[in-house]
Amino acid sequence: MSSPAPFLPARPGSWLARGFPAVMVAVAALLALWVAFGRGLVGLLGSLTPVWALAVALPVLALHVVAAALFRRDSLSYPAHAVSRRTMATAVAAWVITACFGFFLPDAAPEGMRSVFTHVAGAEFVELGYGFVNIFGVLTVALAVALVLLAVTELRVTARRLRGDPLTEDERLDRLERERAGDDDPAASAPVNPAGRGVVTEDPAARTAGPGTRDAGQPGVDAASGSRP
């Protein structure tokens, strides 16, 4: 039985959806610079800048780039060469969280631990900034990892659709019904005459006949010797 034709759901064919992987790389690079050196905009670069650049900004950038490459590979399997809406929504959420992380991330300035947040709100709010930076730091890394996992999932789902494999319970039930309908069809299961003259049927009497019986198709002929009595 032949497998069903692959089904690829339609994706938006806008220029943004088609070029979104490239946008992901560009935005991720800007956010990495923001996390590592964004405090320099208000003159707060300190001794922790290399630490934040190497330990946080660079790994997050690498995860975003890997996710963008996988999303690009997945999009090429679709006619529009576009990514899905959930891909764009997840990436935008990751961008917002990472931007907030850079806003609250402190550095060791001569007057103490300072950040862009404390520069705007005041140095007395540094403890409050610690709470926010912990939350946004965890979310930044988690969403970067989630983007990679989502890209891998999209690739697997697309590959299964191209093979015609069922993805949901309804699709599995539909396939089972089609297979049962094919098994119940007599024309599909009966052997075919090699000479091309239709379906071969077997005489039940000929199947049980033993030596010395007469052939049902040729009366008077002995089945064992082939001679007439």
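**Close-up views of packed helices and a cavity**

**View 1. Helix α3 beside helix α6.** Helix α3 (residues 49-75) packs against helix α6 (residues 126-163) at an angle of about 20°, and their axes lie 9 Å apart. That angle makes α3 roughly parallel to α6 (under 35 degrees counts as roughly parallel, over 145 as roughly antiparallel, 65 to 115 as roughly perpendicular and the rest as oblique). Axes here are lines fitted to C-alpha atoms over the stretch in contact, and angles run from 0 to 180 degrees between N-to-C directions. Helices are DSSP runs (H or I, at least four residues), numbered from the N terminus.

This is a predicted model, where local features need pLDDT of at least 70 and side-chain atom pairs count only at pLDDT 80 or more, while totals for chains, interfaces and linings use all residues. Residues are numbered from 1 along each chain as its sequence is written, and side-chain values use heavy atoms, with hydrogens and water left out.

**View 2. The contact of α3 with α6.** Contact means heavy atoms within 4.5 Å. On the α3 side, look for residues including Val60, Leu63 and Phe71; on the α6 side, Ala144, Leu147 and Leu155 are among them. The residues of this contact comprise 14 nonpolar, three polar and three charged (Ala, Val, Leu, Ile, Met, Phe, Trp, Tyr, Cys and Pro count as nonpolar, Asp, Glu, Lys and Arg as charged, and the others, Gly among them, as polar).

**View 3. Helix α2 with α3.** α2 (20-37) and α3 pack at an angle of about 175°, their axes 9 Å apart. The two helices are therefore roughly antiparallel to each other. Pro21, Met24 and Phe37 are among the α2 residues that meet α3, whose partners include Trp52, His64 and Arg72.

**View 4. Helix α2 with α4.** Now find helix α4 (residues 85-104), which packs with α2 at an angle of about 10°, with axes 9 Å apart. α2 and α4 are therefore roughly parallel to each other. Among the residues in contact are Phe20 and Trp34 of α2, together with Met88 and Trp95 of α4. The classes here are 13 nonpolar, three polar and no charged.

**View 5. The largest cavity.** The largest cavity has a volume of about 40 Å³, the space filled by probe spheres set on the grid points, which are joined across faces, edges and corners. A cavity is a set of points on a 1 Å grid over the protein atoms alone where a 1.4 Å probe fits but cannot get out, and lining residues have an atom within 4 Å of a point. Ala28, Leu31, Ala32, Val35, Ala57, Val60, Leu61 and Thr98 form the lining. Four of these residues, the largest share, come from α2. By class, the lining has seven nonpolar, one polar and no charged residues.

Conventions:
1 Å grid on protein atoms, 1.4 Å probe; cavity = no way out; pocket = protein on both sides within 12 Å on 5 of 7 lines; lining within 4 Å.
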